[in-house]
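Hi everyone, thanks for coming.

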Amino acid sequence: MMGSFNRASYLALPEVQGFITYLSSVIKNRNGFSHQYINRRSKKNYTFNSQDHALNQYSWPEGKNSFKETERTLEDLQSQLRFSLKQRDEKMTLAACLYSNGVACSP
Amino acid sequence: MGWRVAHNGQWLINYASTQSVVELLEDAAFELASETVYIKLFSRGQLRMNAAFTKVYSLIMDDFLIYDSRVAAALCMIIVHYLEKSAIRLFQKRSICIPCLPKKAPIPLLQRIEIQAPVASILQKCMGVNPATR
């Protein structure tokens, strides 16, 4: 395993530059990208052709929280964690980390 | 009070019993934001890097993405599309290959552990209360 990783050198590689351009076009829906899959549990068929199209169908857990709802939860958690770090509060930081780590919070 | 805690949660609780989690996260965020990242710091156990911790780093850093098996699978699929379109031969370009990590030692995925009362009460508050916005 290499010991260090230089950001600028990696991003300057031609194939990485090419991939960044390609990924941008996928996100902006400018290259006709399409994808579909069937959820193993619900058997529901998902089809999408852009990031926006995928986000509109997002739900986690499936059938419950929309992307907006998940985003709000993550924003709250982010505020909590950043506030705890700023205060240098060890217990609050640990608690926020445990929650973001997916500690299933069932006492 | 018993809580269901994944492997990383248990590691964090053990770590917090003797060392500063605040400093651990600050050091990791500083390293990850550097122009040259010393990867060995993460592989030698000084700093922590795995799917769960990328979720923590993504919350404390402005420009850091989570990276778990779902993200890897999605990226691999898009990379394959890109390689097909650009006629680049996959194994000639290792820079955009996503390496596999060594197989993990078997560990119980979830286990019940005892969390000390102060942290447990804070965890409860975390679920519905955000002091930063109060």
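Let's begin with helix α2 of chain B, residues 21-33, which has 13 residues and reaches 18 Å from its first C-alpha to its last. That is close to the 18 Å expected at 1.5 Å a residue, where the expected span is 1.5 Å times one less than the number of residues. Helices here are DSSP runs of H or I with at least four residues, strands are runs of E with at least two, and both are numbered from the N terminus.

Some housekeeping: this is a predicted model, so local features need pLDDT of at least 70 and side-chain atom pairs count only at pLDDT 80 or more, while totals for chains, interfaces and linings use all residues. Residues are numbered from 1 along each chain as its sequence is written, and chains are lettered from A and ligands numbered from 1 in the order in which they are written.

Back to our helix. Which residues of α2(B) are buried? They are B:Val21, B:Leu24, B:Leu25 and B:Ala28. Buried means that 20 or more other C-beta atoms, placed from the backbone, lie within 10 Å of the residue's own. Seen down the axis of α2(B), the buried residues fall within an arc of 90°, so they line one face of the helix; the arc is that of the directions from the helix axis to the C-beta atoms.

And what do they pack against? In chain A, the partners are α4 (67-86) and α5 (90-100); in chain B, they are α1 (7-16) and α4 (51-60).

Now let's zoom out to chain B. It has six helices and three strands, in the order β-α-α-β-α-α-α-β-α along the sequence. Of its 134 residues, 19% are buried. Taking contacts as C-beta atoms, placed from the backbone, within 7 Å, residues 24 or more positions apart account for 55% of the chain B contacts with a separation of 6 or more.

For chain A, that share is 3%. Chain A has five helices and three strands, running β-α-α-β-β-α-α-α, and 16% of its 107 residues count as buried. Its radius of gyration, taken over C-alpha atoms, is 19 Å, whereas a compact globule of 107 residues would be near 13 Å; that rule is 2.2 Å times the number of residues to the power 0.38.

Finally, confidence. The mean pLDDT of chain A, on the predictor's scale from 0 to 100, is 85, and 92% of its residues reach 70 or more. Over residues 103-107 of chain A, though, the pLDDT is below 50.

Technical notes
Buried ≥ 20, exposed ≤ 12 C-beta atoms within 10 Å, placed from the backbone. Contact = placed C-beta atoms within 7 Å.
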